[in-house]
Structure formats: C-alpha cells, structure tokens
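Welcome, and thanks for taking a look at this one with us. Below is a short briefing to read alongside the sequence and the model.

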Amino acid sequence: MFEQSPDDITKLLHLWSEGEPGALDRLTPLVLRELHRLAVRYVGRERADHTLQATGLVNEAYIRLIDWPNVEWKNREHFFAVSAQVMRHILVDYARSRLYSKRGGGARSVSLDDAPNLSDNNSLASLLDVDRALGRLAALDPRTAQVIELRYFGGFTVEETARIMGLSPITVIRSWNFAKAWLLRELYGDVKP
Amino acid sequence: MSPERLDHIQTLYSDAVALSPQERAAFLDGACGGDGDLRREIDSLLAYQPRAETYLDRPAFEVAARSMADEGAHMLVDRRLGRYQLLSLVGRGGMGDVYCAVDSRLNRLVAVKTLPSYMARDQEHVKRFEQEARAIAVLNHPHICVLHDAGYDDGLHYLVFEYLVGELLSDRLSREAQSLPRAMDLAMQIADALAYAHELGIIHLDLKPSNIMLMRSGVKLLDFGVAELRYPDALTSSEISETSSAPRGRKPGTPCYMAPEQLEGGETDARTDIFAFGAVLYEIFTQKRAFPNRPETVSALRSNPPSRISDSRAGVPPSLDLLVQRCLALEPSDRWQSMPELLSRCTEIRSTLSESWA
C-alpha cells in the first residue's frame, strides 16, 4: 500500500534522529496516510458496536508504518524513542492544523482558551492539552514525561515502554498512573479534596 | 521543585494509591511527618486519581484517527463516485456510510454505500468484490432492497442500492409496539425474503432490526450478503483477525443477533440466518433484545438464555414461544433446518391470530 516501503520510513526516522529536519516533512504525509487508512476503517465500523472496534487497529497501523523487525540499529531503544517523538510532532501538528483551520486563519481554538472539557479526553483539543502539560512535566521530570510520550504518543504497551526505557514494568505503571494524575491537575487546577 | 522532591512525591503517591482510601490518611500522616506542603501536594494529586484511571486510555494516534473519521464521513458529500454524485450522508453503519446520491446516467436517486477502503488490496480483490456483488445483484424480491451496481473509484469500494424511504424496524420498535398479527406479518415477509435468498445460495449474515426497512409496501431487507461481501474469501482469515478483536476467521456481524457458529468463526449457513431471525422475532414481539448483553462468546449466550416471549407479552400463543425457541437453539442441528419450513409454521401461527388479538 505504501508507495514508500517501510524501509524508507525507517531511514527517514533515522535521518530525523540525526538532526535532518527535512526528514520530518517527508515522514508527515506517510503517517497521515496511515492515519487516514485507520480513520476510514473506524468510519466503516458501527459506532454502537464496540466489540468490533479493535484496539488492534492502531497497532496494526503502527506495524505497517515501520518495518520493525528490520530495524537493525545497534540502539533499537533509541529508535523507538525517536519514533514516539516523531509521532508526537506529527499528531500535534495535525491537531493544531485541524483545530485552527476550522476557525479560519490562525484563530485560537475555543477549547484551548477556555477551561478544558473534562468529559472529552479523546478529542484533538485534549491531545494538544497533553502535549502542552507534558512539556511542563518534562522540565521537572524527563523520565516520567517520557513514559507518557512512549505510551500515549508512541502507542507502546507497558512492557514495550519498560524495555525501551530499561525500567521494570511495575515502575512504568507507577510512573504512568502518577503522571496522568499530575497532568490532569496541571490542566484542570487544584481541586479541594 | 527539585527532581528529588518530585520523585519523593511520586513514590508516596503510588504507595498511597495502593492502599484503601481509609488507610491512606494514616499512611500519609506518618509519611509526610510535619511537611504540610508535601501532604497538600499529594492530596491534590490523589483528588485526580479516579479520573486518571481512564485518562489517556486511547493512544494519540487513535484519537487523531477517530477525529479524522468523524470528519471524513462528511467529506464525501458533493463528490462523485463513478457515475454517482453524492448528495448527503443519510446513515452510518457497520458496513460503511450511506449517501443519498444521483445516478447521473439514469437520473434517479440511489443509495450509495461506501465500504472501508482497506479492502482495496489489489486488482484481484477488486475483481473478487465485483463478482460477489454480482451474485447479490441477482436477488430480485419485493422484500429485498435491490443492489443496482457496485464499483471502485478513488480508493473506495461502493455499492449502489435502490433508494428507499421508510422507517427502520429498530426505530419503529423503539417507538411503538406492534400488534400480534402485524408483528407476525412482518415476520412472514422477512422469512419469505430469506427463504428466497437461501434458495439462491445467499445468506444474509447480518440480519437485525436496523437492517430492516419498513415501507408502505412492506418490509425491505437491507445489506443482504454484504457482511460476506465485505470480507470475501480472498481476504484471508488471518487478515480479518489482525484487524479486529473478534476470534480468528469470524465473519463480521452484530453480536446480539449472531449465532454461536458465527461468533466462533465456524461454518455458517442458512441456519445462521435462522438464529438471527429468531432474535429479530423476539424483538418484534417484546421490543427487547433476546440477548441484551452483547454476548461475545458462546458461553455467554448459553449462560443468559432469553426468557419466553409470553413472559413479556400477553396473548402470545405457546406455539410462537416454541417457534422462537427453536430458532434460537445454540446447536444448528437443533434449530429449524430451513427457512421455507419455518415460513410455513409462521403462516400456520398467523392464521390462529385473529385481528382481535391486537
């Protein structure tokens, strides 16, 4: 399906991690196309029918995006960390472009200005919220922030995240749970218990 | 805040979360000592703990794809697929989106159903898809929605059906109860359509109230054979299981109406439709689902057998209870074996229901 083979994507990720900025521009359409394929599949699924909404789709999209077994880098962990960063860049750019373009040239989205809507954790606005708050967490605790980056933006499982970061799964789970509470508090402010 | 401080907060937070809410206060009193700031910090994080549990439960990639999906469905409006100009989105369902469209050659309204684009793997698949569609297009019956055309354009497979104006059975049932004779008439029309298609070797595989349209002229079954067509045999079963959490090889359908063999990805035949027919019948008479809990497995079906129709509806003859029960038998060999046999039983029961039962 890809005009470029996964191998090319792997090379592009490699280039990007070496500081070649043009690589991201070439990666973006490939990721968006994969996103679009996934989107079309969601459209094709009955919304009420959760049983056929497979979380496996995301993994599958990811697997196709990159020729994982052929990543022959000495430092695979670094490669995975880089791909999570790339995904974050691309998805955040995508979310921004969607939210801003809807309101016409450069207008800020209401959902960014107003108090975020707690009920909708799965909107593009909430994706941008995570990105923003995660930047602040990274300044305090880069390691905990990376857990979120790998899990949420990279789509990696607890076990994969543990392997990539050289941590135990239990540590990843603790950091993940803590960071989520921290991000929520950062976004929605202190609530009096 | 120093990294060490945050690390300490994280440790205490995690330890506190592992305790019951009653134990937490005592634990934190001890652990924080007199450090009021530390205590407040942890308490304010714990306040978000319940929400944090489900927060970020979908990866960003999926969030973006879903939002794209929501927009994408509307983007096809005003576009052309083949000789069909799409006018408006009229429905979204398991088999794809449905648009009202104009057939520019015959200048008439049609319903265009788009299918997920991932089906277009290669020329071989496209050919196979069109073959399957031709098989379905053979169906010509007053109670089956006619398939006019099938095509592939701009990365999308689509099916073109006759344009129907009516009310879905699912909507009708949520609105009002059907009198017993009326309910039986609907059942007979559905059975008649199924019997006809089965004779031609085509099974529906996704019969449910939202696939049945009520019109002035009677019922119309929608999406006949489309469940099968979406995943023609050329799509290997491994491909299906990769893309869904359903058991390997399972043909897509709707769990509330799926026979055990379909749930398990086994062989399906006319008796699979008979099971679904029983579930639909149950719903027509009771306005309740026979299997309300989205059974995922056969053991779930077995452990929650539907109650009798007569339990929720007065005036239902025992013969109808038995008929539905036999449709819903878990073993295909325990069900009615053919639709004509079932249809004639329906006809017999109908004759015992005078209009006064209504």
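Is B:Ser44 buried or partly exposed, and how many other C-beta atoms lie within 10 Å? This is a predicted model, and in it B:Ser44 is partly exposed, with 17 other C-beta atoms within 10 Å. The residue sits in helix α3 of chain B, which spans residues 36-46. Leaving aside residues up to four places away in sequence, B:Ser44 touches A:Arg185 and A:Asp190. With that residue placed, here is a tour of the two chains.

**The two chains in outline**

- Chain A has nine helices and zero strands, so its elements read α-α-α-α-α-α-α-α-α from the N terminus on.
- Of the 193 residues in chain A, 38% are buried; for the 358 residues of chain B, the figure is 43%.
- Among contacts in chain A with a separation of 6 or more, 61% are between residues 24 or more positions apart.
- In chain B, 59% of the contacts with a separation of 6 or more join residues 24 or more positions apart.

**Helix packing within chain A**

- The axes of helix α7 (residues 142-153) and helix α8 (residues 158-165) of chain A come within 10 Å, crossing at roughly 130°.
- The two helices, α7(A) and α8(A), are therefore oblique to each other, and α7(A) passes α8(A) in a right-handed crossing.
- From α7(A), the residues A:Gln146, A:Val147, A:Leu150 and A:Arg151 meet A:Thr161, A:Ile164 and A:Met165 of α8(A).
- The contact of α7(A) with α8(A) is made up of four nonpolar, two polar and one charged residues.

- A:Lys11 belongs to helix α1 of chain A, residues 6-17.
- A:Lys11 counts as partly exposed because it has 14 C-beta neighbours inside 10 Å, where buried would need 20 or more and exposed 12 or fewer.
- A:Lys11 and A:Leu27 are 16 residues apart in sequence, and their C-alpha atoms are 10.0 Å apart in space.

**Helix packing within chain B: α8 and α12**

- Helix α8 of chain B (residues 180-199) and α12(B) have axes that come within 10 Å and cross at roughly 170°.
- This makes α8(B) roughly antiparallel to α12(B), because angles over 145 degrees fall in that class.
- The crossing of α8(B) and α12(B) is right-handed.
- Residues of α8(B) in this contact include B:Leu186, B:Ile190 and B:Leu194, while those of α12(B) include B:Phe277, B:Val280 and B:Ile284.
- The residues of the contact of α8(B) with α12(B) divide into 12 nonpolar, one polar and one charged.

**The buried side of α15 in chain B**

- In helix α15 of chain B (residues 318-327), the residues B:Leu320, B:Leu323, B:Val324 and B:Cys327 are buried.
- These four cover an arc of only 90° around the axis, so they lie on the same side of α15(B).
- An α-helix has 3.6 residues a turn, so residues three or four places apart point the same way.
- The partners against which the buried residues of α15(B) pack are α12 (270-286), α14 (309-312) and α16 (339-352) of chain B.

**Positive phi values in chain B loops**

- B:Leu205, which is not a glycine, has a positive phi near 70°.
- The loop between α8 and β8 (212-215) of chain B holds B:Leu205, and this residue counts as buried because it has 25 C-beta neighbours inside 10 Å.
- B:Gln287 is another residue other than glycine with a positive phi, in this case near 60°.
- B:Gln287 lies in the loop between α12 and α13 (298-303) of chain B and, with 17 C-beta neighbours inside 10 Å, counts as partly exposed.

Note on methods: Residues numbered from 1 in each chain as written. Chains lettered and ligands numbered in written order. Predicted model: local features only at pLDDT ≥ 70, side-chain atom pairs only at ≥ 80, totals over all residues. Axes fitted to C-alpha atoms, helices over the stretch in contact; angles between N-to-C directions. Parallel < 35°, antiparallel > 145°, perpendicular 65-115°, else oblique. Left-handed = near helix turned anticlockwise from the far one by under 90°. Contact = placed C-beta atoms within 7 Å. Nonpolar A, V, L, I, M, F, W, Y, C, P; charged D, E, K, R; others polar. Arc of directions from axis to C-beta.
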